[in-house]
Amino acid sequence: MTVDKGHSNTAFVGDDDIHSKKSHHGTKNLGANSYVMEIQDKKPGLEVDYNPYEHRHVEHPTTNNETLIHLLKGSLGTGILAMPNAFHHAGWLVGSVGTFLIGILCTYCIHLLIKAEYELCRRKKVPSLNYPAVTQTALLEGPDALKPFANVIIHIINVFLLIYQLGTCCVYVVFVASNIKAISDNYTETETDVRLFMLIILLPLILINWVRNLKFLAPFSTLANAITLVSFAIILYYIFRDPISFEGREAFGNIAEYPLFFGTVLFALEAIGVILPLENEMKTPKKFGGNFGVLNKAMVLIVTLYIGMGLFGYLNYGAESAGSITLNLPKDEILAQCVKGMLAFAIYITHGLACYVAIDITWNDYMKKRFGESPRSIIWEYLMRTVLVLVTFLLAVAIPNLELFISLFGALCLSALGIAFPALIQTCTYWHERQGFQKVWMVTKNSIIGVIAIFGLVVGTSTSLKEIIHTFGDHDD
């Protein structure tokens, strides 16, 4: 999510550039697989008080407030603009309570991941681990039955990360094209197919993803940050311009549509891709967790903002709530059209950052080994960048439905990355350390979390796919 969500860019853009560092924490700039194998060769020694935090050497460490801002930027993106539509599926009461509970669950699972990473780093005597490395190391520390899966788990994690990032890019393509279409339709007499605007922005998308060094996008990211803040302020102005009323608004939505709500909220809230990179880059990483740490402060703000945007956006627009609230803004006001254009530009910049993460995984962890450092490798890298953009473009063209894309990738990827895997990681990490009631409680609790995650993944993904097929079929008709 941040974008990496690392992201250190805009409210949408900020996520991905930190995330792009996912496989470069530690002592060497290695692909995730090589890095993990190096970690496994390090056995615990006699030093029992090894503190990973004291052995991290970060060139430009971030302060607590800077980390808080990065985390907020990583979680505030296209997802928050889809919250009114999510509340339409769930109802304003179920939406409010559900978002709060999902927020608590996501925050708790992030705490599990952070604590497990610290414990594994302490045992292996390494300063930091990325997400794939944490997962593989945990499995090797866990029950014997899971150890054979340690070599393949890193690829499973990378696949989920890759699908999520490419899915995010699909959402961005649809978002940018839909908002440009909304502006165009307002000033032309004919309604143009959104796919035409996707085709128009294809070449610019390819070109921005040919940028191999993120620092060249930094000035645009700064501008996009400012644009995002201003745009959000204008959206809030439109939401609260008229009196808020509960009349005609459902407290409980259609239960069959709850999975769509679940997937959308997960996509919006979950910034799991940013968490370890942000914590690893802090000057005082110990203050990231804790009851009053950076994470809890950020999540309180994020959940509050999401409930507020979802609740008041739904109360304002009701069943007309679109996949992005920008599409509900008045069509006859120039200020509203400006918001759509500004956010379309900000998200366009973010596509390069989000796709950078997918490029990082595909090239550095897999393809680079095959092509090495030869001059031809540059050509292959540019070809791969182009192909990844084309994949996101073709998916968006095939199914130009913003809200269903968001729900699909939220349920599919973030149920696993944000909920199921952190529970599995904690169980494996402390499998041999906890005994008696403590172990029973840990296994029971994490099993329940796992069941929730799997249920959300299966039901949320299947519901989204059914809606996509239904919508696509209707479109063909």
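Contact here means heavy atoms within 4.5 Å of each other. The structure is a predicted model, in which local features need pLDDT of at least 70, side-chain atom pairs count only at pLDDT 80 or more, and totals for chains, interfaces and linings use all residues. Residues are numbered from 1 along each chain as its sequence is written, and side-chain values use heavy atoms, with hydrogens and water left out.

**Tyrosine 238**

Not counting residues up to four places away in sequence, tyrosine 238 touches Asn316, Tyr317, Leu329, Pro330, Glu333, Leu335 and Ala336. Its C-alpha atom is separated by 8.6 Å from that of proline 330, 92 residues apart along the chain. Tyrosine 238 lies in helix 10 (residues 218-241); helices are DSSP runs (H or I, at least four residues), numbered from the N terminus. Tyrosine 238 has a relative accessible area of 3% and is therefore buried (under 20% relative accessible area, 1.4 Å probe, protein chains only).

**Nonpolar core**

A nonpolar core is a set of buried Ala, Val, Leu, Ile, Met, Phe, Trp, Tyr and Cys residues joined through side-chain atoms within 4.5 Å. The largest one has 122 residues, and Tyr131 and Ile235 have the most contacts inside it. Helix 8 (residues 150-187) gives the most to this core, with 16 residues. Leaving aside neighbours within four places in sequence, tyrosine 131 is in contact with Leu113, Ile157, Ile272, Leu276, Ala416, Leu417, Phe421, Pro422 and Ile425.

**Two helix pairs**

Axes are lines fitted to C-alpha atoms, for helices over the stretch in contact, and angles run from 0 to 180 degrees between N-to-C directions.

| Helix pair | Axes come within | Crossing angle |
|---|---|---|
| Helix 5 (residues 83-90) and helix 11 (residues 258-269) | 8 Å | roughly 155° |
| Helix 7 (residues 131-141) and helix 16 (residues 402-429) | 8 Å | roughly 35° |

The angle makes helix 5 roughly antiparallel to helix 11 (over 145 degrees). Helix 5 passes helix 11 in a left-handed crossing (the near helix is turned anticlockwise from the far one by less than a right angle). Met83, Ala86, Phe87, His89 and Ala90 of helix 5 make the contact with Tyr258, Leu260, Phe261, Thr264, Val265 and Ala268 of helix 11. By class, that contact has nine nonpolar, two polar and no charged residues; Ala, Val, Leu, Ile, Met, Phe, Trp, Tyr, Cys and Pro count as nonpolar, Asp, Glu, Lys and Arg as charged, and the others, Gly among them, as polar.

Helix 7 passes helix 16 in a left-handed crossing. From helix 7, Tyr131, Val134, Thr135, Ala138, Leu139 and Glu141 meet Ala416, Leu417, Phe421, Pro422, Leu424, Ile425, Cys428 and Thr429 in helix 16. This contact has eleven nonpolar, two polar and one charged residues.

Key: Buried < 20%, exposed > 50% of the residue type's maximum accessible area, 1.4 Å probe, protein only. Helix = DSSP H or I, 4+ residues; strand = E, 2+ residues; numbered from the N terminus. Parallel < 35°, antiparallel > 145°, perpendicular 65-115°, else oblique.
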